[in-house]
Amino acid sequence: MAQQVQGVVAPGRNEPVRVETIVVPDPGPGEAVVKVQACGVCHTDLHYKQGGINDDFPFLLGHEAAGVVESVGEGVTDVAPGDFVILNWRAVCGNCRACLRGRPQYCFNTHNAARKMTLTDGTELSPALGIGAFAEKTLVASGQCTKVDPSVSPAVAGLLGCGVMAGIGAAINTGQVGRGDSVAVIGCGGVGDAAVVGARLAGAARIIAVDIDDRKLETAKAMGATHTVNSRSTDPVEAIRELTGGFGADVVIEAVGRPETYKQAFYARDLAGTVVLVGVPTPEMTLELPLIDVFGRGGSLKSSWYGDCLPSRDFPMLVDLHQQGRIDLGAFVTETIGLGDVEKAFARMHEGDVLRSVVVF
């Protein structure tokens, strides 16, 4: 039978979110209902609320989540009721051209639940990133559920569902940071700090954190940055070159998503170095670079989708590393809040003193 639960809905562009009663249907073929235990407040949810993704209001927000599978639909064999899972927005299909070429981390045919969650009046909801986890329970495709060690804190595990995975993956998977490399990270919010953690995990010898906020730079240093640059008062390109023998960094990770900071990343890398764009730009942004510089500097210009992660491979690995004390995912949790505090959490994002607010149930 369909269930009624509480969830956070964005009713219209830039309107305050509100807690509503949500109707969650039974899972259909290939689907699962998950009892959500924790869900991080990600900047992407704010983009949805502001209409920056699309206009498919009302949205059921929340996507950076972990919980327990409550029930599954016909044909589901990869998860079962009682499994502790992290939700992901890349349900690998196994049949598209990327999957068939052995590159499932780039799956071009990811999918979500076919059945719709609704308001009590029947209005269909658009779940953020196909998840909608600011709710006591949510309906997803079973491929969006990744089993991990159930002893990990849900508030910590859920962060791998988006921001932390995006940053760590940008360093390890996309940037392919190697032992002894120099790395610069421009933008030290949650994703940028995760990129710092990823670079340290990969064995980078020098990790340069760049931001305009000294508080964020201190946090980045605590996460593993060896050097910091305040780009409000210092030219970051010159500073990165000075810290790398005059050459530039082997890998520069842009975690802001703006043309200005992308250009800084482009010119702050060494010859044949790599630039990784993991910050999310808005549709109207454009970039202009001299083509001779693109040619003459060589190397790679990459975009990182979800940290180029494969959830079935990366989520359990990172949870294990956290449990072993080799990375501290708990450092990303600034505060835990209730469903009714999501609007306040969005406001705190702009104050610059929070990495992640996490809704706990």
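Glycine 40 stands opposite glutamate 64 in strand 5, and glycine 40 also stands opposite valine 358 in strand 18. Strands here, at least two residues of DSSP class E, and helices, at least four residues of class H or I, are DSSP runs numbered from the N terminus. The model is predicted, so local features need pLDDT of at least 70 and side-chain atom pairs count only at pLDDT 80 or more, while totals for chains, interfaces and linings use all residues. Residues are numbered from 1 along each chain as its sequence is written, and side-chain values use heavy atoms, with hydrogens and water left out.

Glycine 40 belongs to strand 3, which covers residues 31–40. Two strands are said to pair if DSSP finds at least two bridges between them. Strand 3 pairs in the antiparallel sense with strand 5 (residues 64–72) over eight bridges. Strand 3 also runs antiparallel to strand 18 (residues 357–360), to which three bridges join it. A further antiparallel pairing, over five bridges, links strand 3 to strand 9 (residues 137–141); there, alanine 32 stands opposite valine 140. Strands of a sheet pair through backbone hydrogen bonds, either parallel or antiparallel. Eight of the ten residues of strand 3 are buried, so the strand is largely enclosed by the rest of the structure. Buried means under 20% relative accessible area, exposed means over 50%, and partly exposed lies in between, with a 1.4 Å probe and protein chains only.

Glycine 30 lies in the loop between strand 2 and strand 3. With a relative accessible area of 27%, glycine 30 is partly exposed. Contact means heavy atoms within 4.5 Å. Leaving aside neighbours within four places in sequence, glycine 30 is in contact with Gly73, Glu74, Val76, Ala141 and Ser142. Glycine 30 and threonine 77 are 47 residues apart in sequence, and their C-alpha atoms are 8.7 Å apart in space.

A separate topic is the open sheet formed by five strands in the order 7-2-1-4-8, with mixed pairing. Strand 7 (118–119) and strand 8 (126–127) stand at its edges, each with a single partner strand, so one side of each is left without a neighbour in the sheet. Strand 4 and strand 8 pair in the parallel sense over two bridges, and the bridge partner of leucine 60 in strand 8 is proline 127.

Several loops carry backbone features of note. Most residues other than glycine have a negative phi, and most peptide bonds are trans. In the loop between strand 1 (3–10) and strand 2 (18–24) is asparagine 14, whose phi has a positive value near 60 degrees. Glutamine 176, in the loop between helix 4 and strand 11 (182–186), has a positive phi near 50 degrees. Glutamine 176 is exposed, with a relative accessible area of 56%. Phenylalanine 57 and proline 58 are joined by a cis peptide bond with omega of about -5 degrees; proline 58 lies in the loop between helix 1 (43–50) and strand 4 (59–60).

The helices come next. Axes are lines fitted to C-alpha atoms, for helices over the stretch in contact, and angles run from 0 to 180 degrees between N-to-C directions. Helix 4 (residues 163–174) and helix 10 (residues 311–323) pack at an angle of about 105 degrees, with their axes 12 Å apart. That makes helix 4 roughly perpendicular to helix 10, a term for angles of 65 to 115 degrees, whereas angles under 35 count as roughly parallel, over 145 as roughly antiparallel and the rest as oblique. In this contact, Met165, Ile168 and Asn173 of helix 4 meet Arg313, Asp314, Phe315 and Leu318 of helix 10.

Helix 1 and helix 11 (residues 342–349) have axes that come within 10 Å and cross at roughly 105 degrees, and they are therefore roughly perpendicular to each other. His43, Asp45, Leu46 and Lys49 in helix 1 meet Glu343, Phe346 and Met349 in helix 11.

A nonpolar core is a set of buried Ala, Val, Leu, Ile, Met, Phe, Trp, Tyr and Cys residues joined through side-chain atoms within 4.5 Å. The largest such core has 50 residues, and those with the most contacts inside it are Ile86, Leu160, Val164, Val183, Ile253, Phe315 and Phe332. A second, separate core of 30 residues includes Leu46, Leu61, Ala128 and Ala133.
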